[in-house]
Amino acid sequence: VQLVESGGGLVLPGGSLRLSCAASERTFSMGAVAWFRQAPGKEREFVAHMDKSGRTIYYASSVRGRFTISRDNAKNIQYLQMNNLMPEDTAVYYCSADSRSRLIASVARDAGAYDYWGQGTQVTVSS
């Protein structure tokens, strides 16, 4: 199963983008989901997590209040709404998913916890 992302691009500082992520196979139901990002020369870092019910959400401190993770379980799609973007948000963004519905807090921020990944979409914030 492959996850397919869309919605990246070039945006001015202060602008917004919405990333989407869907499974390549309709029979696959995403459990817990998350977004990570990787800037040039840096390690992949956690951005946001949501369990299958949508009741448990975690954000990295650097994006809290600006980014919103959401999902539509009927369509099997997850989203990342990014507002008030800053140049330091520039990175390749990856969506991920796991078959488990919930992950404990200490695991949810770990990229190794997720079995399914997208190919990445570039987000560039620049004037």
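Trainee: Is Cys21 buried or exposed?
Mentor: This is a predicted model, and in it Cys21 has a relative accessible area of 1%. The cut-off for buried is under 20%, so Cys21 counts as buried.

Trainee: And Cys95, buried or exposed?
Mentor: Cys95 is buried, its relative accessible area being 0%.

Trainee: What do Cys21 and Cys95 form?
Mentor: They form a disulfide, with 2.1 Å between their sulfur atoms. Cys21 lies in strand E3 and Cys95 in strand E9, so the pair links distant parts of the chain, 74 residues apart. A search of the whole structure finds one disulfide.

Trainee: Which hand does the disulfide have, and why?
Mentor: The disulfide is right-handed, because the torsion about the S-S bond of Cys21 and Cys95 is about 60°.

Trainee: Staying in E3 for a moment, where does Ala22 stand on accessibility?
Mentor: Ala22, which is placed in strand E3, counts as partly exposed because its relative accessibility is 25%.

Trainee: Which residues is Ala22 in contact with?
Mentor: Setting aside neighbours within four places in sequence, Ala22 is in contact with Gln2, Leu3, Val4, Asn76 and Ile77. Ala22 and Gln78 are 56 residues apart in sequence, yet their C-alpha atoms are 6.7 Å apart in space.

Trainee: Gln78 is in E8, then. Which residue stands opposite Gln78?
Mentor: Arg71 stands opposite Gln78 in E8. E7 and E8 pair in the antiparallel sense, over six bridges. These two strands form a hairpin with four residues between them, and Asn76 in the turn has a positive phi of about 60°.

Trainee: Which way do the side chains of E7 point?
Mentor: They alternate along the strand.

Trainee: Change of topic: the largest nonpolar core. Which residues touch the most other members?
Mentor: The core has 39 residues, and Leu80, Met82 and Tyr93 touch the most other members. The elements giving two or more residues to this core include strand E3, strand E7, strand E8 and strand E9. E9 gives the most, with five residues.

Trainee: What does Met82 touch?
Mentor: Not counting residues up to four places away in sequence, Met82 touches Gly15, Ser16, Leu17, Leu19, Arg66, Phe67, Tyr93 and Val123.

Trainee: How much of the chain is buried?
Mentor: Buried residues make up 46% of the 127 residues. The accessible surface comes to about 6,400 Å², and 48% of that belongs to carbon and sulfur atoms.

Trainee: Last one: among contacts between residues at least 6 apart in sequence, what share join residues at least 24 apart?
Mentor: The share is 59%.

Terms used:
Residues are numbered from 1 along each chain as its sequence is written. This is a predicted model: local features need pLDDT of at least 70, side-chain atom pairs count only at pLDDT 80 or more; totals for chains, interfaces and linings use all residues. Side-chain values use heavy atoms; hydrogens and water are left out. A nonpolar core is a set of buried Ala, Val, Leu, Ile, Met, Phe, Trp, Tyr and Cys residues joined through side-chain atoms within 4.5 Å. Buried means under 20% relative accessible area, exposed over 50%, partly exposed in between (1.4 Å probe, protein chains only). Contact means heavy atoms within 4.5 Å. A disulfide is a pair of cysteine sulfur atoms within 2.5 Å. Two strands pair if DSSP finds at least two bridges between them. Accessible areas come from the Shrake-Rupley method with a 1.4 Å probe; for residues, only the protein chains shown count as cover.
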